Amino acid sequence: MNRVTDRGFWIESEVPLANTNEWSIPLRLVESVVKGNPVNLGRVSPRLADNLETICDIYAAWIPGHKIPLEYELSSNLAAPENGVSLFFSGGVDSFYSLIKLRDEIDNLVLIHGFDIPLAETKTFELALKQAREVARHFSKRLIVVRTNLHWEESRLYTERSWIPCDWGMYHGVVLAAVAYALAPNHRKIYIASSSSYAHLHPWGTHPLLDPLWSNEAVHFVHDGGETRLNKLRLVIQHPEALSQLRVCWENLGINNCGLCLKCVKTMLGLRALGVVHCAAFPDTLTPELVREQAIFPRSIDVWQEMLCPELPPALNAAAQSVIHNCQSGLPPSTGHFKRGVKRWLYAARNAGRALIAPLDRT
Amino acid sequence: MYRVTDKDIGIESDAPLVNSQEWAIPLRLVESVVGGKPANLGDVSPLLARNLVTIRDIYAAWIPGHRCSLTFEINSSVTAPASGVSLFFSGGVDCFYSLVQHDDEIDNLILIHGFDIPLAETKTFEQILEQAREVARLFKKRLIVVRTNLHWEESRLYTERPRIPCDWGMYFGAALAAVAYALAPNHRKIYIASSTSYADLHQDGSHQLLDPLWSTDAVQIVHDVGEKRIDKLRVLAQHPEVLPRLRVCWENLDNYNCGLCEKCIRTMLGLRALGVNNSIVFPDTLTPELVSAQKLTDRCVVYWRELLDFGLPADFNAAVRSAIHSFENGLPPSTGHFKRGVKRWLYAARNAGRALIAPLDRT
């Protein structure tokens, strides 16, 4: 097992890892942006050095954090880029879409334990690993398994706790960059599957604006996708071997997909909109009542609106519309229970009161 | 006078223009995305060829339009590289900021007649041209004046009418790329001053994600993302030679800046907050009543939020807060008139009614 370490952080894998400390630059950079401390990044390759200030500005605007002075030396003896093209692979819709689309170009699938699945969750990871092996075999790719404590800190508690300096939604791109650098002896190019379409971009740790900026002389970063979720699913369902191995759930319950969480429900709804009634990857849990119970973020409204199509059965269509309506109206989701009904009316009364006195304009 | 044409669209200038048809690629591409027809783009430089599909996908998502099929020939000698660095210059805050920031690097300022100012508006353009000449003299730059009918079509009416295939806000990035290509014999790099910071990613024809993708092997296009608008004004406030020449107004009235439109008012407020005397460039129109009467939009409210609690006198700060409050609560802005007051209460009653019946959820 090969291992790189930096101040208690580590990445390990059975494949060769980089023997420089460049892999930890993303971590140190973003940590400093959050804390507002100047940072010395050590030796930096010229191509990355060109982009460091922009990366810093973007993170400072998005986290939000501080614009910090950067110190570094330009490294002169650069490692020659290796052969090989990799794709970060979690088994979700985005990474399956990129794998199918780029199957002729991709050599390696990179699966990370310690990313969305904490290191302590060995049972869930074993399942993910088994599926990833199956996918790698089917698509004739090499599977690279990485373990890291970059996200989760081992603690004395039963579960681990997160020790990242900012929200994971913003930080996960940093961890991907660090892993891609650490794996430099295995590829010259790495794909990061997009999570949002071009139509619905918002500040996020992996982003078409941000990801390519992490490129250095040895590893070229490509943010792939920009497609809508439904179009991605449309491609995935044409490959039953991929569809049966989908893993979208982050609940880590020791099963692949719980069929009850927001991510599962959203994906099952998308599949149903495309005419897929039974999918081996999900339990048969999709009901209008389950859909109505979902609470979504305003930034997800567009993805849900996309699924409102004539192919969706009317009851599910109405339930999805209800989810969107509740989000837009600032109401808790409808569960059909009396108590929840009362809560919704109380919220409505509060919202109406606020709207009614708005012209008083107490500014 | 040099001139390039494609169908009945033309660009003309006293400066040398290209003798290839590459300049028209952005226009043809966007037209095809809007019309949904396949596009034959002719000879395309290798660098641009790599990005054309991404540009198409972004425009298809943003306009929104179609992912039309693209046909082109890769030709590495389509346009010969030249030397020189240019900046698109309109006289506004963003381009003055970019000029000050990149003064050492910039050789040419490019002023376009036919973009925000229709060709028929000769009087307004003459005023701006005179000021741009003065700026070019002060900063020791060459002024390149371009005339184009890309945006406005001559009509039998007194005024011209737009001829563009989609909203100008989305089209003007492609139009800037076309002008940058047409002027290729005059530069190897061109700056487009950003109107937003990284914190604001709203879809726009000129965008940090989109502009660099238009780069060719002959012309590098740089979207110069700077700071927040208020911080740009702070930089400009240190350059007394710049302030009297600021032109932010799009009203194209006989006055250089009308002092009454939303753009003028927010710029005047910014200068006021920074303790700069407005009268050198704006008429003396700024009152709290005028400020609170402004109707804000999703796009401009970002700039207004920057002004809050930024050192404005208390009455102006309250007026800014009032304009933002009206926008956020879906109310018409407050003017202090009785009729407007009644209208605001009617709107509030409507909004409250909608909020109150929201739990009925008629989905």
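A residue is called buried if 20 or more other C-beta atoms lie within 10 Å of its own, exposed if 12 or fewer do, and partly exposed in between, with C-beta atoms placed from the backbone. By this criterion I25(B), P26(B), L27(B), L29(B), V30(B), E31(B), S32(B), V33(B) and V34(B) of α1(B) are buried. The model is predicted: local features need pLDDT of at least 70, side-chain atom pairs count only at pLDDT 80 or more, and totals for chains, interfaces and linings use all residues. Residues are numbered from 1 along each chain as its sequence is written, while chains are lettered from A and ligands numbered from 1 in the order in which they are written.

Chain B has eleven helices and eleven strands. These elements are DSSP runs, numbered from the N terminus: helices are H or I runs of at least four residues, and strands are E runs of at least two. The radius of gyration of chain B, taken over C-alpha atoms, is 22 Å. Of the 363 residues in chain B, 47% are buried. Two residues are in contact if their C-beta atoms, placed from the backbone, lie within 7 Å. Among contacts in chain B with a separation of 6 or more, 69% join residues 24 or more positions apart.

Seven strands of chain B form an open sheet. Their order is β1-β2-β7-β6-β5-β10-β11, and the pairing is mixed. Strands pair if DSSP finds at least two bridges between them. β1 (2-6) and β11 (220-224) of chain B stand at the edges with a single partner strand each, so one side of each is left without a neighbour in the sheet. Neighbouring strands are turned by 25° against each other on average, direction ignored. Axes here are lines fitted to C-alpha atoms, for helices over the stretch in contact, and angles run from 0 to 180 degrees between N-to-C directions. Within the sheet, β2 (residues 9-13) and β7 (residues 142-148) of chain B pair in the antiparallel sense over three bridges. E12(B) has R147(B) in β7(B) as its bridge partner. Helix α3 (residues 93-101) of chain B packs on the sheet. This helix touches β5 (85-88), β10 (189-193) and β11 of chain B, and its direction makes about 135° with that of β10(B).

Just after α1(B), G36(B) takes a positive phi of about 75°.Helix α10 (residues 314-328) of chain B has 15 residues and should span 21 Å at 1.5 Å a residue. The expected span is 1.5 Å times one less than the number of residues. The end C-alpha atoms of α10(B) are 21 Å apart, which agrees. F316(B), N317(B), A319(B), V320(B), R321(B), S322(B), A323(B), H325(B) and S326(B) are buried in this helix. Their cover includes α7 (262-273), α8 (288-292) and α9 (301-307) of chain B. G330(B) follows α10(B) and has a positive phi, near 65°.

W152(B) lies in strand β8 (residues 152-153) of chain B. The residue is buried, with 21 other C-beta atoms within 10 Å. W152(B) and R163(B) are eleven residues apart along the chain, and their C-alpha atoms are separated by 5.7 Å.

In chain A, five of the five residues of strand β10 (residues 189-193) are buried, so the strand is largely enclosed by the rest of the structure. K189(A), Y191(A) and A193(A) point one way from β10(A), and I190(A) and I192(A) the other way. Strand β5 (residues 85-88) of chain A runs parallel to β10(A), joined by three bridges. β10(A) also pairs in the parallel sense with β11 (residues 220-224) of chain A, over five bridges. Y191(A) stands opposite L87(A) and opposite V222(A) in β11(A).

Between the chains, 32 residues of chain A are in contact with 30 residues of chain B. On the chain A side, α2 (46-62), α11 (314-329) and α12 (338-357) are the elements that give two or more residues. α12(A) supplies the largest share, eight residues. The chain A side divides into 19 nonpolar, ten polar and three charged residues. Ala, Val, Leu, Ile, Met, Phe, Trp, Tyr, Cys and Pro count as nonpolar, Asp, Glu, Lys and Arg as charged, and the others, Gly among them, as polar.

Conventions
The radius of gyration is taken over C-alpha atoms; the globule rule is 2.2 Å times the number of residues to the power 0.38.
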